[in-house]
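Subject: Structure handover

Hello,

Here is the structure for your files. My notes follow below it.

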Amino acid sequence: MRWVNRHVSRSRSAMMGAIPIVLLVVLYLVIAAERHAANPSDKILPLPGAMVEAMWGLLFVPDQLSGRLLFWADTLASLQRLFLGLGISTLSALLVGLLLGLLPPVRATFGTLVTGIAVIPPIALLPILFIAFGLGETAKVALIVIGIAPFMIRDIAGHVAALPREQILKAQTLGASTWQLMIRVALPQVLPRLIEAVRLSLGPAWVFLISAEAIAADIGLGYRIFLVRRYLAMDVILPYVAWIALLAAVLDMILVWTNRKAFPWAHGGRR
Amino acid sequence: MTALLSFKDVWVEYGDKIVLERINLTIEEGAFVSVIGPSGAGKSSLLRLALGQEAPTRGTILLDDIPLAPECGPDRGVVFQHYSVFPHLTALGNVMFGLECAQSPLLAKLTGAARRQAREEAAAMLEEVGLKEAMHSYPAQMSGGMQQRLAIAQALIKRPRILLLDEPFGALDPGIRNDMHQLITRLWTDYKLTVIMVTHDIGEAFKLGTRVLTLDKWRHDPHAPHRYGAKVVYDIPLERNKQESLSQDDATQPLSIVPDDAGITIDRFDNN
């Protein structure tokens, strides 16, 4: 049978998906064990025991200086920044995207500006943000927004503009005004796309978050990774990276699930 | 029968390409006008003019003796070949949309008694087009024929002065198309509609219409073919009572052919 025609069942696919991950873990353990056999105090590839020990302190023992449980405080601070940035970007993408996509005069006036902002590498603006907003939370959230909002706006505007012309005309023959067209025809049809845009922006949003935290912060997942890097503390860095990956994957799954549940019409009517 | 829609010396040009030239037409109330012609002869341009999607380059279009604004409005309903229903609304929601827009300018949503009434009206309209069972389905769950039924119901709930059909049955298979012919003829009679239908199917044009317009280029410059536009080359009234003759074979019907000023004759058995 040709490979393109080979159907993989759900349970089988879960099993097959686990194989490369398990292999990678085994490979890591083998190499780490080998290094530790040669040098018992090796820091580059820590063994699981060392990771548990290092993380135990961060997870359950309050920090001597601040009295906080650092791992949870880091997670909370990072997620707060991430969600604020994502929320502001999503709302502005919806609002600006609808206006740009549906109203030709608005597109003519602001389309070029949005494109211009979108092509600036956001990290290049980070110094400006630090100068303008100081080193606090605002600058970090602003970096996320500047990093992902222009892309999302363009995506939403493009999607609205690509709605079939026939639908826009039909709505007008049914008596719809511009406002009614926007809230009853364009807005609901763009929502599934908006969730998709948030999903695609999650990756870049994490990049900008970690970058901002690495440069100037006193708490956060990115801050912690870059802090312990100075001591070659791979036993903290690796669990943190795994934790970030897990958070990102869960967010992604939630978004996919929401999209399917909330907009059955966009998925062939199936729930 | 009074004049509902009239075209007075209408020209459509895109740049230096002339699409339609010297269109003079009067469409009477209650007429079912089929528009046929080869591809690129401006059939769809004519429909876009009537819809208000486009303004003529020259000339005037009058609806009820009032010049037509170059914008779509609720006095003209339309059914396209594709994409004329809203995928995010159920069949019922699609039909209610027109009522909601009229009664609730700010939110385009109705509540309470107004909503119940709109629901009933929409449900009755859906029953009329044979979609009673599919009332709560989304368009993606419907076949092509059902979607076109829905598009017709959606347009008719606004009681438009004119119903414009742009190859509405072009994508349907022959059996379904026949059902749709019966449906549109029944609705046309029951609702006393005025219909303009653009079609590629000559049989369909003669079967349904009370008048068949043929658009074509009537002169040709080999060096600048784009400089001559299409005009109405045949305007054929069909004096038949549609309610009775629908099931009969069209080829056996005597056609009363009124050639245009060009004096060309039409081969009615092997229509163009």
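How many residues of domain 1 of chain B are in contact with domain 2 of chain B? The contact involves 16 residues of domain 1 of chain B and twelve residues of domain 2 of chain B, where contact means heavy atoms within 4.5 Å.

First, the ground rules. This is a predicted model, in which local features need pLDDT of at least 70 and side-chain atom pairs count only at pLDDT 80 or more, while totals for chains, interfaces and linings use all residues. Residues are numbered from 1 along each chain as its sequence is written, chains are lettered from A and ligands numbered from 1 in the order in which they are written, and side-chain values use heavy atoms, with hydrogens and water left out.

Chain B

Domain 1 of chain B covers 1–75 + 161–272, and domain 2 covers 88–159; these bounds come from an automatic or database domain assignment. Together the two domains bury about 1,200 Å², 69% of it on carbon and sulfur atoms. Buried area here is the accessible area (1.4 Å probe) that two parts lose on being put together, summed over both. On the domain 1 side, Met180(B), Leu183(B) and Tyr191(B) lose the most area to domain 2, together 37% of what that side buries.

Helix H5 (residues 174–190) of chain B supplies the largest share of that side, eight residues. Helices (H or I, at least four residues) and strands (E, at least two) are DSSP runs, numbered from the N terminus. Zero salt bridges were counted between the two domains (a side-chain nitrogen of Lys or Arg within 4 Å of a carboxyl oxygen of Asp or Glu).

Ile157(B) sits in the loop between H4 and strand S7 (162–166) of chain B. Why does Ile157(B) count as buried? Because its relative accessibility is 3%; buried means under 20% relative accessible area, exposed over 50%, partly exposed in between (1.4 Å probe, protein chains only). Leaving aside neighbours within four places in sequence, Ile157(B) is in contact with Val95(B), Leu99(B), Glu121(B), Ala122(B) and Met125(B).

Chain A

Chain A is assigned domain 1 (3–38) and domain 2 (55–62 + 71–263), with C-alpha centres 32 Å apart. Helix H7 (residues 165–173) of chain A is mostly covered, with seven of its nine residues buried; Ile168(A) and Leu169(A) are among them. These buried residues pack against helices H3 (70–102) and H8 (178–215) of chain A, and against elements of chain B including helix H1 (43–51) and strand S6 (76–79). Just after H7(A), Gly175(A) has a positive phi of about 95°.

Regards
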